[in-house]
Amino acid sequence: MYQPSAGTVVGGSNDCITLIDSNYGEPDQLIPEDDEERELALRCERTLHSAFTFQFYSMLLRQEKGEQEKAERNLIAAIERLADGYIGPYYLGSTFSSADVSVAPYFDRMCVLEHYRDFHVPKEGIAGAKWHEWSSNILERDSVASTLQDRDRIIESYLRYDKCYLRNNWYHRVFYQGY
């Protein structure tokens, strides 16, 4: 995303959220002003980026069944951590925030794991129930629903991960050489 006032390009998703919020956030800010709520949103975003995302892609890239099962267990643990902080109907309660914006693409991409790895987030238990409620609330929100991609297109775009066509780049080094 180009930031004209600074003449720079912002590429990280959290940086884009901050830029949008600082320029267009009034009256509905994505980044909470309240310190405690801001910390909760940041904790959600850190868990998403440090635990969930890694396991999501591990499940796709790992070709050995045992490694996929390990990544699945770790992904469920990350989902439980994310769902633990969920208040409802959005992460911080009635306020749609940066935490919800950050996780929204992954709610939409879960069809990829369903298709390629027959993975479904369990509906049992508190974490599963919270995850599914949160996902529905986010994906049904007008501002999110209007941006969703066709599921078949999403699934097709991840074929290269499923078949591990990425072996000669950074992903291969991270997942197979332990960098």
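Q: What counts as a contact here?
A: Two residues are in contact when they have heavy atoms within 4.5 Å. With that in hand, take the contacts in the protein chain with a separation of 6 or more: 70% of them are between residues 24 or more positions apart. Do keep in mind that this is a predicted model.

Q: What is the make-up of the protein chain in helices and strands?
A: The protein chain has two strands and nine helices. Along the sequence the pattern reads β-β-α-α-α-α-α-α-α-α-α.

Q: How confident is the predictor, and where is confidence lowest and highest?
A: The average pLDDT of the protein chain is 83, and 76% of the residues score at least 70. Confidence is highest in α5, with a mean of 96, and lowest in helix α9 (residues 170-176), with a mean of 53. Where pLDDT is low, the predicted coordinates should not be read in detail.

Q: How much of the protein chain is buried, and what does its surface consist of?
A: Of the 179 residues, 41% are buried. The accessible surface comes to about 10,400 Å², and carbon and sulfur atoms contribute 48% of that.

Q: Why is Gln-55 called buried?
A: A residue is buried when its relative accessible area is under 20%. Gln-55 has a value of 12%, so Gln-55 is buried. This residue lies in helix α2 (residues 35-61).

Q: What is Gln-55 in contact with, beyond its neighbours within four places in sequence?
A: Gln-55 is in contact with Ala-71, Asn-74 and Leu-75. Its C-alpha atom is also 9.0 Å from that of Lys-70, a residue 15 positions away in sequence.

Q: How do you know whether Ser-58 is buried or exposed?
A: The relative accessible area of Ser-58 is 3%, and the limit for buried is under 20%, so Ser-58 is buried. Ser-58 is found in helix α2. From its C-alpha to that of Glu-72, 14 residues apart in sequence, the distance is 8.5 Å.

Q: Why are α4 and α5 described as roughly perpendicular?
A: The axes of helix α4 (residues 98-117) and α5 cross at roughly 100 degrees and come within 9 Å. That angle falls in the range of 65 to 115 degrees, and α4 and α5 are therefore roughly perpendicular. Ala-99, Asp-100, Val-103, Ala-104, Phe-107, Asp-108 and Met-110 of α4 meet Trp-131, Trp-134, Ser-135, Ile-138 and Leu-139 of α5. This contact of α4 with α5 has nine nonpolar, two charged and one polar residues.

Q: Why is Leu-148 called partly exposed?
A: Leu-148 has a relative accessible area of 32%, so Leu-148 is partly exposed. Leu-148 lies in the loop between α6 (142-145) and α7 (151-157). Leaving aside neighbours within four places in sequence, Leu-148 is in contact with Asp-108 and Leu-139.

Q: What makes Asp-118 exposed?
A: Exposed means over 50%, and Asp-118 has a relative accessible area of 61%, so Asp-118 is exposed. Asp-118 sits in the loop between α4 and α5.

Notes. Residues numbered from 1 in each chain as written. Predicted model: local features only at pLDDT ≥ 70, side-chain atom pairs only at ≥ 80, totals over all residues. Heavy atoms only, no water. Helix = DSSP H or I, 4+ residues; strand = E, 2+ residues; numbered from the N terminus. Buried < 20%, exposed > 50% of the residue type's maximum accessible area, 1.4 Å probe, protein only. Areas by Shrake-Rupley, 256 points an atom, 1.4 Å probe, with all protein chains shown as cover. pLDDT = per-residue confidence, 0-100. Axes fitted to C-alpha atoms, helices over the stretch in contact; angles between N-to-C directions. Parallel < 35°, antiparallel > 145°, perpendicular 65-115°, else oblique. Nonpolar A, V, L, I, M, F, W, Y, C, P; charged D, E, K, R; others polar.
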